[in-house]
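Visitor: Could you take me through how strands and charged pairs are read from a model such as this one?

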Amino acid sequence: MKDSAPGQLVISRATLDDWRVVTGWAADEGWNPGLADAPSFHAQDPDGFFLGRLDGEPASAISVVNYGDDYAFLGHYLVRPDLRGRGLGLATWQAGLAHAGSRVVGLDGVPAQQDNYRRSGFEWRHGTLRYIGPLPAVDVPDRYVRPVEAAGLRALMAYDSACLPADRPRFLESWLAGPGHRALARIVDGRLTGYGVIRRGRDALRVGPLFADTRADAEALLDALAAEAEGAPVAMDVPESNPEAVALAEARGMKPTFDTARMYTGPIRDFAAERVFGTTSLELG
């Protein structure tokens, strides 16, 4: 890191060790980050994480993860609470977006920031609701739900890509095998009809993604993942653009706690939005 004058913000790429402090900030904001999220985030684009330091101390952060040549996703946009209002966020924002280059950028924005994002060229696409609640136990497990290894990594990657604006093979391989992550697939007559992952978070377990062909497929996966929770609260970020996903969360007794908006700076490739019952992460898309 270059020497800097006192009071000057210095922004540099963040390592996994650096990112621990950012995860703590996210937890303080009530984002409930997963306990082992960071390595998978870094696996997709290790150069996409930035930390601002003021007089050598962490002060701000942002991630802009590039997926191929056309798409990037922005998250972890944070300034330490005692340093807000000093322009540190804007400088950090600009450094992160520069990493995306000419790519279309997506983000999930909280209501208080959405007007600022619009002024930066982001357009609203749909709302997302975070649902939380203990999920009821199911007496008879669905016989079509199996560990993801039964589906094969290639099939899972193809299915995942069909549910997103971009491919993310490096992320997915890490995410499926992450410590404390439990990943399940639904396979009917030899065909993959959905998959889901549950992981430990700071305040509740997190389901994400939950991708499925139909509500019945999503129900079977969610019920099987709920068995891993053993009655503990479970959180899932549900796109309002999929009414079947909202209906499923509410049918399982989950309650909405806060909302965000998915926003993009330009057109994205078509994907099967009707299969998205739970997004992977508000920080990564």
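Predicted model: local features only at pLDDT ≥ 70, side-chain atom pairs only at ≥ 80, totals over all residues.

Visitor: Is strand S2 enclosed or open, and why?

Guide: Strands (E, at least two residues) and helices (H or I, at least four) are DSSP runs numbered from the N terminus, and buried means under 20% relative accessible area, exposed over 50%, partly exposed in between (1.4 Å probe, protein chains only). Strand S2, residues 49-54, has 6 of its 6 residues buried, so it is largely enclosed by the rest of the structure.

Visitor: With which strand does S2 form a hairpin?

Guide: Two strands pair if DSSP finds at least two bridges between them. S2 forms a hairpin with S3, with 2 residues between them, and the two pair in the antiparallel sense over 6 bridges; S1 and S2 also pair in the antiparallel sense, over 5 bridges.

Visitor: Which residue meets Asp108 in a salt bridge?

Guide: Side chains of opposite charge can pair when their charged atoms come close. A salt bridge is a side-chain nitrogen of Lys or Arg within 4 Å of a carboxyl oxygen of Asp or Glu. Asp108 meets Arg262 (2.8 Å, N to O); Asp108 lies in strand S5 and Arg262 in strand S12, so the pair ties together parts that are 154 residues apart in sequence.

Technical notes:
Residues numbered from 1 in each chain as written. Heavy atoms only, no water.
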